[in-house]
Amino acid sequence: MWLSATGSRIVVFTAVSFFGALSLPAHAQTLEQALAAAYSNNPTLNSQRAATRATDEYVPIALAGYRPQVFGSAYVGTQWAETRVDSGYAALQGNQSISNNRTDPSGVGVTISQTIYNGLRTANSVRSAESQVKGQRELLRNTEQLVLLDAATAYMNVLQNAALVELQKQNLEALREELRAARDRFAVGEITRTDVAQAEASVADAQSQLALADANLNSANAVFFQVIGLKPTKLSPGRPIDGLLPKTLPAAVSTGIGSHPAVKSAEFAVDAAVANVKVAEAALSPTLTLNGSASSDYNSAQYTERQTAASATLNLSVPIYQGGSEFATIRQSKETLGQMRIEVDVNREQVRANVVQYWGNLEAAKAAIESAQASVAANEIALRGVREEWRVGQRTTLDVLNAQTALFDARANLVIAQRDRVVASYAVLSATGQLNAGRLGLKVATYNPQVHYNQVRDAWIGVRTPGGQ
């Protein structure tokens, strides 16, 4: 079903030559097109892109610490007061003993606060946010790898299961021919009823296996649509990507440890944790702020038409003891930093193990193809010989059925090995951290997370999310 090279021979297996089907359609879906569709449509990947855009906002949130805070205020209301004095005293003064005062005060004001020094809390918060953004981009790159690998696997699974369905149909038809021949020979007394029963049992088992193969194909089609976002129609052969892989296993391991997004994300998490320790330590530093205010009050008191005030103050706050929570936060952030450093080693070792595992799977698939090719050739010869011997009475019906089953198994193993060969090549590239749209040369608009970051980093105001990326 696809191109493979083993040793000095290049063997091509297509749906045409292997199954005797019609010629390949001119406008078949290709593996590259399926990968491009998954890159654009996959909901998991699009969700991770949205998460990356949300993480970008941590930077302007942190940068807000450098900017002033401005608050406006206004009020309007009414006040009423009643005053009662001693009636005798009021008579001596010539005043009333009861007086009512009513005012309608209103006013406006503005306050401004600018942090001058806070123990470098803002600067380290920005560093932490930028590291989080870089780490999230690596997580996005890792998700892209996983989605593309899932897409390649789903594509090859559909091809494999479609091939197995065709093989099952061919096997069933061959067994039905054997059953018809067995019944004819039984009618003339050349074989026994037992031989016919064995052929009938083989046909029944093949029918069951065909139903199972159809079910597996339907399941593979569903996964194809889930991952790629398209229905599989007229799939063309898939091919391995050996040309994009490192030449040796040590080179693959070195590439994976050095550039895999899981490792890079863990390293950026360490950078963020270092900055967070400094942010926590800033709670022990003094804070210097410049505050200014201005206000105008109208009718605030009887016979007062307007009162205006303004002030500017420089405030210094020195923490002495805040209950101990700040010390616990510092210790906690240091432990988190230690954990993040360990996670880097964990991810490196996981990448190393994955590269070795998938490299081994690729080599095993290559060997399996060569073995399966030899097995198919040998079983085809064996089946022809057993049938000839059966016709002259030197073989039993069971021998023919066993030979037919052995040939089917060999062909099925070849299909499976070819599928594993392609998937393993993509898995190795993913394990080295190089499986991406650019590396594969997919004809698709590449998502660039830097575009959104540049749009929001220095935004002072605005609640609309930027368009484009």
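The legends below describe close-up views of one predicted model.

In this predicted model, local features need pLDDT of at least 70 and side-chain atom pairs count only at pLDDT 80 or more, while totals for chains, interfaces and linings use all residues. Residues are numbered from 1 along each chain as its sequence is written, and side-chain values use heavy atoms, with hydrogens and water left out.

**View 1. The protein chain as a whole.** The secondary structure comes to 13 helices and 8 strands (DSSP runs numbered from the N terminus; helices are H or I with at least four residues, strands are E with at least two). Of the 469 residues, 38% count as buried (under 20% relative accessible area; exposed is over 50%, partly exposed in between; 1.4 Å probe, protein chains only). The accessible surface is about 25,600 Å², and 54% of this surface belongs to carbon and sulfur atoms (Shrake-Rupley method, 1.4 Å probe). Among contacts between residues at least 6 apart in sequence, 81% join residues at least 24 apart (contact means heavy atoms within 4.5 Å).

**View 2. The open sheet of 4 strands.** The strand order is S3-S6-S7-S8, with antiparallel pairing (two strands pair if DSSP finds at least two bridges between them). Strand S3 (69-76) and strand S8 (304-317) are the edge strands, each pairing on one side only. From one strand to the next, the twist averages 10 degrees (axes are lines fitted to C-alpha atoms, and angles run from 0 to 180 degrees between N-to-C directions).

**View 3. Pairing of strands S6 and S7.** Strand S6 (residues 106-117) runs antiparallel to strand S7 (residues 287-301), and 11 bridges join the two. The bridge partner of threonine 111 is serine 293 in S7.

**View 4. The aromatic pair.** A search of the whole structure finds 1 aromatic pair (ring centres of Phe, Tyr and Trp, the last by its six-membered ring, within 6.5 Å; planes under 30 degrees apart are stacked, over 60 edge-to-face, the rest tilted). Tyrosine 155 and phenylalanine 224 form this tilted pair, at 6.2 Å centre to centre and 40 degrees between the planes. Tyrosine 155 lies in helix H6 (residues 121-187) and phenylalanine 224 in helix H7 (residues 193-228), so the pair ties together parts 69 residues apart in sequence. Tyrosine 155 is buried at 0% relative accessibility, and phenylalanine 224 is buried at 1%.

**View 5. Arginines over aromatic rings.** Arginine 137 lies over the face of tyrosine 453, 5.2 Å from the ring centre (NZ of Lys or CZ of Arg within 6 Å of the ring centre and within 35 degrees of the ring normal). Arginine 185 lies over the face of tryptophan 390, at 4.4 Å from the ring centre.
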